[in-house]
Amino acid sequence: MKKIIAVTHGDGCGLEVVEEGIKILKAISEYSDFDFEFINAPAGGKVWKDCGESLPEKTFEIIKNSDALLFGAIGLPDLPPGIAETAILKIRQDLDLYVNMRPIKLYNPLRDRCPLRDEFIGKGIDFTIIRENTEGIYKGIGEISDERAESVMLYTKKGCERIMRYACEFAKKNGHKKITSVDKANVIKASQFWRNIFHKIGEDYPDLEKEDVYIDAFCQWLIRAPYSYETVVTGNMFGDITSDEGAFLIGSLGMAASGNINPGNVSMYEPIHGSAPDIAGKNIANPIGTILSIKLMMQESFNSPEIGFLIEKSVEEALNEGRTIDIENKAFKTLTTREMGDLIVKKLINLLKK
Ligand code: NAD
Ligand code: IPM
Ligand code: MN
């Protein structure tokens, strides 16, 4: 099966982690029926410096005509905030990638890197944040002047219904008993609207337990009882923030993957972390968030959960042998970005050959 994959390396450590992702895709290409062709889709801060736009029209055309986009990370510390980052928001908006799927799963070998005591880890951490990805404050409505600034948190009936239905279906498909909606309905009107729609859509899923949690309390529940969550549906900003918190619970920001999805259409896969200027260019960034994003790509865009599963298995096996610095444990070898990628590729090839 021929598939065209657009690749945005981006800035900082994005360049390094994407290279490891490409190695995984090349291994799949070589040892399965998939045949991947890669096309560069330059975007981000460096591109802005070169041509004055962080997402040139030509790049967007490449992405639109591909079967999926592998995205690194963007952002440069010497640019004002938002210049590079607009590229991601524009891709999400213009491709209508309304689902941002962010699994938070603590792999067994990494229990030693979870910052929580055993009693808080409980039976384990394995939930998925389904973040609404095209509305809310991140839609960019508002203005700024010398005297005042406003950002509008806009949610529509259509936007809320589709993300909630997606999340309920996701919970059902994965055999979850409970779906948790996170909002701030005690203060924000847009959240009251969100909550009402959650309850309305929830009526179509009588077998699912529906739970509402306020965002502030949720941030402490995430630390106090992360084992109690399965599917979490939330708005754009709350999903952004809670997924970084969740990522550290599973070992590191470098571990967490995401899929920006428009079901049946071109979708974008990226680690949830940023360009990490503090470690960029040192060959020490953790590539696993990117590699697990390819798991999501195989599962969601290429209808191959089987290969997705093998990627995850390879990651778990590799974590028993070596670690990048962010998740290091003196009992295992400390690996560079490239060494970690190579180890996972080796494991994956063994599994694909079976
Ligand atoms: P960041 O995610 O880049 O880094 C936060 C911390 O996590 C840093 O200490 C970093 O070293 C560490 N970290 C991140 N990725 C890691 C990895 N793969 N392995 C090991 N450690 C890792 O967040 P920031 O510093 O707030 O943002 C830096 C830039 O990235 C900003 O310009 C921001 O806007 C941008 N950003 C981009 C994306 C994206 O492209 N999707 C996401 C978030 C932030
Ligand atoms: C993320 C990032 C982006 C977001 C930024 C860089 C636009 O933080 O993907 O989590 O806020 O969604
Ligand atoms: Mn984020």
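Me: How far is a polar side-chain atom of D278 from an oxygen atom of ligand 1?
Reply: The distance is 2.7 Å. It falls under the definition of a polar contact, a pair of N or O atoms within 3.5 Å (within protein, one must be able to donate a hydrogen and the other to accept it, and residues adjacent in sequence count only if both atoms are side-chain atoms). The protein covers 69% of the 810 Å² of accessible area that ligand 1 has on its own; such areas come from the Shrake-Rupley method with a 1.4 Å probe, and for residues only the protein chains shown count as cover.

Me: Where do these values come from?
Reply: This is a predicted model, in which local features need pLDDT of at least 70 and side-chain atom pairs pLDDT 80 or more, while totals for chains, interfaces and linings use all residues. Side-chain values use heavy atoms, without hydrogens and water; residues are numbered from 1 along each chain as written, and chains are lettered from A and ligands numbered from 1 in the order written.

Me: What about E85 and ligand 1?
Reply: A polar side-chain atom of E85 is 2.4 Å from an oxygen atom of ligand 1. In the side chain of E270, an N or O atom lies 3.2 Å from a nitrogen atom of this ligand.

Me: How many residues surround ligand 1?
Reply: There are 19, and the closest include E85 and D278. A residue counts if one of its heavy atoms lies within 4 Å.

Me: Moving on, which residues have polar side-chain atoms by an oxygen atom of ligand 2?
Reply: R92 has one at 2.6 Å, R131 one at 2.7 Å and R102 one at 2.9 Å. The protein covers 79% of the 320 Å² of accessible area that ligand 2 has on its own.

Me: Which other residues are around ligand 2?
Reply: Among them are Y138, D240 and I272, and also E85 and E270.
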